[in-house]
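Here are a few exercises to work through with the model open in your viewer. Try each task before you read its solution.

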Amino acid sequence: MNLKLFGITCTVLVLFGGCVSKSTTKPDGWYHISEDANDSIGVKPFVTVKDFEYIGMDSVVIDGKTEYQIIGKLKDEKNGIFADETGKAVGKRIGFLFRGELLCSPSPNCRIESGHFAITPFYMDEGEKMWSLLNSLREEM
């Protein structure tokens, strides 16, 4: 009888344990990138996509090839945080993570106090992909 009860208990625990989902995806946003051997992304973003006030698309033609970037501005209440964190990152790297993918990893030259930013993905010459990214970001804001 005890063995039967033990078996039922184990089955119930496995069933309930399997129903618990654990997300390992980090929130979308700007992160510090550590300069260790792994170039690891920080634990949490200093600003997220939810902190964006607006975003848009910009482009330039270089040698007959159009390259795109997403430009944006943070909500005013996040400008101080962005300024402080970009100030800490001068000479280092920050990264923009979206849906688990590191899209760019610039190195700020100075503290950015205006709250303006540019996301220049590694695939900046792929117009359709960039428009899709812009629309996906807007959905997350």
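**Exercise 1.** Find the bridge partner of Gly-72 in S7, then work out the sheet around it.

*Solution.* Step one: in S7, Gly-72 has Phe-117 as its bridge partner. This is a predicted model, where local features need pLDDT of at least 70, side-chain atom pairs count only at pLDDT 80 or more, and totals for chains, interfaces and linings use all residues. Residues are numbered from 1 along each chain as its sequence is written, and side-chain values use heavy atoms, with hydrogens and water left out.

Step two: strand S4 (residues 65–74) and S7 run antiparallel and are joined by four bridges. Strands here are DSSP E runs of at least two residues, helices are H or I runs of at least four, and both are numbered from the N terminus. Two strands pair if DSSP finds at least two bridges between them.

Step three: the open sheet has three strands in the order S3-S4-S7, paired antiparallel. Strand S3 (52–62) and strand S7 (116–119) are at the edges with a single partner strand each, so one side of each has no neighbour in the sheet. On average, neighbouring strands of this sheet are turned by 25° against each other, direction ignored (axes are lines fitted to C-alpha atoms; angles between N-to-C directions run from 0 to 180 degrees).

**Exercise 2.** Which residues form one aromatic cluster, and how many aromatic pairs are there?

*Solution.* Step one: the cluster is made of Trp-30, Phe-46, Phe-52, Phe-82, Phe-96 and Phe-117. Rings of Phe, Tyr and Trp (its six-membered ring) pair if their centres lie within 6.5 Å; planes under 30 degrees apart are stacked, over 60 edge-to-face, and the rest tilted.

Step two: that rule gives six aromatic pairs. Take Phe-46 and Phe-82, a tilted pair at 6.1 Å centre to centre with 40° between the planes. Phe-46 lies in the loop between strand S1 (29–33) and strand S2 (47–48), and Phe-82 in helix H2 (residues 79–88), so this pair ties together parts 36 residues apart in sequence.

Step three: check the burial. Phe-46 and Phe-82 are both buried (under 20% relative accessible area; exposed is over 50%, partly exposed in between; 1.4 Å probe, protein chains only).

**Exercise 3.** How many helices and strands are in the chain, and how do the elements run from the N terminus on?

*Solution.* Count them up: three helices and seven strands. From the N terminus on, they run α-β-β-β-β-α-β-β-β-α. Of the 141 residues in the chain, 33% are buried.
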